[in-house]
Every structure is written in C-alpha cells, then in structure tokens.
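Student: Can we go through this model together? I would like to start with the charged pairs.

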Amino acid sequence: MSIPDLFTPIRLGELELRNRIVMAPLTRGRAAEGNVPSSLAVTYYTQRAGAGLIVSEASQILQEGQAYPRAPGIHTDAQVAGWRRVTDAVHAQGGQIVLQLWHTGRNSHPVYQEDGGLPVAPSAVNAGGITLGRNNEKLDRVTPRALETEEVVQRVEAFAAAAARAKQAGFDGVEIHGANGYLIDQFLRDGSNLRTDRYGGSIENRARFLFEVTEAVIDAWGGSGRVGLRLSPAGEHNGQYDSNPTAVFTHVAERLNRYDLAFLHVIEPALEGHRMGPPPGKPRVAPTLRRIYTGPMILNGAFDKASATAALADGSADAVAFGTPFIANPDLVERFRRDLPLAEADSSTFYTDGPKGYIDYPSFEDSLPQAWSTAQVA
C-alpha cells in the first residue's frame, strides 16, 4: 500500500477530492450590502479552485450571529444568489466548495442585532476583549443574554434552514462551525456554559446542542456524506475555557462515529501557546481524537508542505487545511507541486474592504518578469 501525499486523491464521504490540500475557512470582510457575497468573492474563490476542497469563510445563519463587519450570511435570498455565483464559478474550474455554517453567539455585539439588543449565548458570561463594528471600529464585548430552552431549539432549526439554503446555493456540502469559541463551542465548554437545563451541566448535556445541530443539518441536506464539522479542542480563542477539554472532546468524538460525516476538521497546531493550539503545559487533544474517531479527519494549524506531508504519511490526518498560505498564494497547490517559493501575506489587508490583499495576489508565473519563460520555472 502506497503512502499518501498531498496530491493523492481521496474520498471524504460523498466528496471526491483530486488532492488533499484543503483551503481553510478564512474570514475576509469583503461582503457587499446586506452581507451578500460580491463579485470580488467570485474572483477570490475561483482563483483558489485548485484546492482539493474549499471550505468557505464562515457565514452567519442568522443576522444575530454576525460579529464582524462585512461577513457574509446564508439567511436571505440575496445571499443565496450571491453565493450561487461563487459556486458556479468554482465548479466551472473543476473545484469543490462547502459552506461553513456560523453563529458567533456571545462574540457578537448590539450593533449587529436587528433590535439593538444583546447578543445571545448559552449563559450570561462575557467573553472579554473586543470585536469590530460595521466600520472596523473597536468595540468592547458585552455580557450576552442567555437563551431560553425553547430558543436553543430555534437556533438548531436555524442551522438546518441555513444548510438547506447552502444546498440551494449550489454548494457541494456544508461544514458546521463548532470551533474557536463561537456558539456551538460556547455550549460545549464549562467556562461559558453555566446552564442547569438539558443543555448544561454534564458533558453529555453540554454537547447536546452540537449533536442536535448535526442531526438537523444532516436531515436538511438529505444525508451525512456532504456534512462536515470543525472543532478546536485545545484552543482558548475568544475567551474559551474548559476544565477538562480532553474529556469533552473524547465524548464528542465517540458520539460522532454514529453519523458517518464526510469529515471532522480539527484545528490544533503542534505549537504550545499558538492561539489555536494547546496552552503551555497542556496536552494536545487531536491525537486522541484521531484514535477514537473512525471517519476521515482534516487537520489545520500552521502546517507547511513538509509537516503536512508528514502528517499524511504517519496517519495523523487524511487531508490538511491551509489558511494564510492560500491568502497570498492563489495557486498554492501548484506551488506545492513544483516546490516553488511562497509569497507572504500582508496581514494589514486581511479584513479590509476592496480588492487589495484579496484578489490582487498573483500566481507564481504571473509574478515573474516578462522576460522569464514558463520553461525556466518548470
């Protein structure tokens, strides 16, 4: 049996990937009025269609789930139409793209709420820190309002409705965002979930929302083979904390084996202190999940070509997701294939509006002086 590398095709559920290089979801702040994906997004994703799979930027399932300026949504007809232009363009290039379903929970702010009220969360626990307003102004996060039990059920239904809209928009599947301190992750952790109803207390109860969302999304899509889930078991992003994350995510991984998902997407760099990795002195959780979870796993977190190839070779992952490298290298797959140097991303333009730092990064060959021929870099 041959050892897979980044260019070995793979099947994830019903998704047939031509390579194992996944474009990670990347919030970029370029949506147009009404949080509709713009023509810039069409160009941006089309440029990166060489990835085996694109996971779109996180898209809020409800207006109340927005926490950052110009983040796209998937809860209006106009947003569906905007995303349809993106998916059609990616498919025309032979690419595949899934939509990441997002609700930011307590990380939102009254400026994003339709009634100017408080953001919602499992419990009234302030995440701390800041978020950004509609004009990129810094805003202190506020203490959220705890959802009533029946309201939790309504958010489960909203995830399902968003999945149905993603299918209407032509996506090849969806990824449920259960990571990075957003709403689902807030329910999972005992640092943000102080509830005493059926959604709080024990690990089983705190995980209930995640599994109800998963089941509802599978039903809305019509099967599990195009549904994935993203988790960040060791991260403490957005003020997240749990007293025993290994126990929480061991339970989650065991239960996920029932669903036959297309993939589990785990964020965990092997770097202590990295914002998405284990805090100093705490163990990594991803290797434990890999031993427990029987389905395909995508790893994400500060990988380069060498470390990603090693993760595939030793069985740590079935595919590897790259974030920042895809921002500055729309032709990342080809650069990896030919061992070409990578361009550096300009972090000052990650979340600004307009084309700069978004669709103006050239491919390697386009960046060469005109006097150089393709043969010279082949």
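Student: Which residues are linked in a network of salt bridges?
Tutor: Glu-334, Arg-337, Arg-338 and Glu-365 form that network. A salt bridge here is a side-chain nitrogen of Lys or Arg within 4 Å of a carboxyl oxygen of Asp or Glu. Residues are numbered from 1 along each chain as its sequence is written, and side-chain values use heavy atoms, without hydrogens or water. The model is predicted, so local features need pLDDT of at least 70 and side-chain atom pairs count only at pLDDT 80 or more, while totals for chains, interfaces and linings use all residues.

Student: How many salt bridges are found in the whole structure?
Tutor: The search finds 17.

Student: What does Arg-206 form a salt bridge with?
Tutor: Its partner is Asp-242, with the closest N and O atoms 3.2 Å apart. Arg-206 lies in helix 5 (residues 203-206) and Asp-242 in the loop between strand 11 and helix 7 (245-256), so the pair ties together parts 36 residues apart in sequence. Helices (H or I, at least four residues) and strands (E, at least two) are DSSP runs, numbered from the N terminus.

Student: Are Arg-206 and Asp-242 buried or exposed?
Tutor: Both are buried. Buried means under 20% relative accessible area, exposed over 50%, and partly exposed in between (1.4 Å probe, protein chains only).

Student: And where are Lys-305 and Asp-339?
Tutor: Lys-305 is in helix 9 (residues 305-313) and Asp-339 in the loop between helix 11 (332-338) and helix 12 (374-377), 34 residues apart. Their side chains meet in a salt bridge at 2.6 Å, N to O. Lys-305 is partly exposed at 22% relative accessible area, whereas Asp-339 is exposed at 59%.

Student: New topic. How many residues does the largest nonpolar core have?
Tutor: That core has 85 residues, and those with the most contacts inside it include Leu-101, Phe-209 and Val-217. A nonpolar core is a set of buried Ala, Val, Leu, Ile, Met, Phe, Trp, Tyr and Cys residues joined through side-chain atoms within 4.5 Å. Apart from it lies another core, of 14 residues, with Leu-53 and Val-98 among them.

Student: What does Leu-101 touch?
Tutor: Leaving out residues up to four places away in sequence, Leu-101 touches, among others, Ile-61, Phe-159, Ala-163 and Val-217. Contact means heavy atoms within 4.5 Å.

Student: Last one: which residues is Arg-84 in contact with?
Tutor: Gln-168, Ala-169 and Gly-170, leaving aside neighbours within four places in sequence. Arg-84 lies in helix 2 (residues 77-92) and is partly exposed at 36%.
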